Amino acid sequence: GRRTRMIVRWPGTVGAGEVSEAVWWFADVLPTLAELGGGKVPEGVDGVSVAPLLKGEEWEPGERLLYWEFFEGGFRQAARWGDWKVIRPKVGAALQLYDLREDVGEKVNVAGEHPEVERMLEEKVNGARRPSVHWPTALDE
């Protein structure tokens with residue numbers, strides 16, 4: 001995952017220049033727009049609505065895994081869970097672990113220092129991958 005700002009313009013609701021440190025991702029856009037527009041979210045969507053956050057209300061996404069796959073330059077995986085982030089730089093490689101509270105730039109791989117977090121995130125990342133005929137990897141074999 002990448003640290004990319006989400007920009008929202010909603011005069012009268014979201015103040016100009018307002019900044020939030022809330023973590024959300026593109027999968028949250030559909031549920032948010034559906035809630036704001038009075039629509040229904042299809043089953044199986046990974047995101048959650050951030051409409052309360054945008055309206056200045058309390059918003060707590062709960063503990064959830066944000067998961068990404070990258071295919072440019074070979075298959076890679078990344079996931080974020082709370083303040084922890086893991087990266088698998090290639091198929092079969094060990095996970096790299098970063099503590100985003102202490103290292104927002106992901107400079108220091110703390111794998112080996114937090115074995116319980118590593119095991120838990122390894123299980124979560126392995127469970128997040130869904131084989132696809134459009135994006136095949138050696139993991140799908």
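Over how many bridges do S1 and S2 pair, and in which sense? In this predicted model, S1 and S2 pair over six bridges in the antiparallel sense, and the views below begin with the sheet that holds them.

**View 1. The open sheet has four strands in the order S1-S2-S3-S4.** The pairing in this sheet is antiparallel, and, as a general point, strands of a sheet pair through backbone hydrogen bonds. Strand S1 (65-70) and strand S4 (96-99) stand at the edges with a single partner strand each, so one side of each has no neighbour in the sheet. On average, and with direction ignored, neighbouring strands of this sheet are turned by 15 degrees against each other.

**View 2. The hairpin of S1 and S2 has five residues between the strands.** Within this hairpin, Gly73 takes a positive phi near 75 degrees. Where the two strands pair, Leu66 has Arg80 in S2 as its bridge partner. Five of the six residues of S2 are buried, so this strand is largely enclosed by the rest of the structure.

**View 3. Strand S2 (residues 76-81) is joined to strand S3 (residues 84-88) by five bridges.** These two strands run antiparallel, and among the residues that face each other across them, Ala78 stands opposite Ile87 in S3, while Gln77 has Arg88 in S3 as its bridge partner. The hairpin that S2 and S3 form has two residues between the strands, and in this hairpin Gly82 takes a positive phi near 60 degrees.

**View 4. Helix H3 (residues 115-128) lies across S1, S2, S3 and S4.** The helix runs at about 60 degrees to S3, and the segment after H3 contains Arg129. Because its relative accessibility is 10%, and buried means under 20%, Arg129 counts as buried. The side chain of Arg129 makes a polar contact of 2.7 Å with the side chain of Glu69.

**View 5. The largest pocket holds about 1,100 Å³ of space.** As a general point, empty space is found by rolling a probe the size of a water molecule over the atoms. The largest pocket is lined by 36 residues, and those that lie nearest its centre are Thr4, Arg5, Met6, Ala22 and Trp24. Helix H2 (51-54) and S1 each supply at least two residues of this lining, and S1, with three residues, gives the most to the lining.

Key:
Residues numbered from 1 in each chain as written. Predicted model: local features only at pLDDT ≥ 70, side-chain atom pairs only at ≥ 80, totals over all residues. Heavy atoms only, no water. Pairing = 2+ DSSP bridges. Axes fitted to C-alpha atoms, helices over the stretch in contact; angles between N-to-C directions. Contact = heavy atoms within 4.5 Å. Buried < 20%, exposed > 50% of the residue type's maximum accessible area, 1.4 Å probe, protein only. Polar contact = N/O pair within 3.5 Å; in protein donor to acceptor, adjacent residues only side chain to side chain. 1 Å grid on protein atoms, 1.4 Å probe; cavity = no way out; pocket = protein on both sides within 12 Å on 5 of 7 lines; lining within 4 Å. Points joined across faces, edges and corners; volume = space filled by probe spheres on them.
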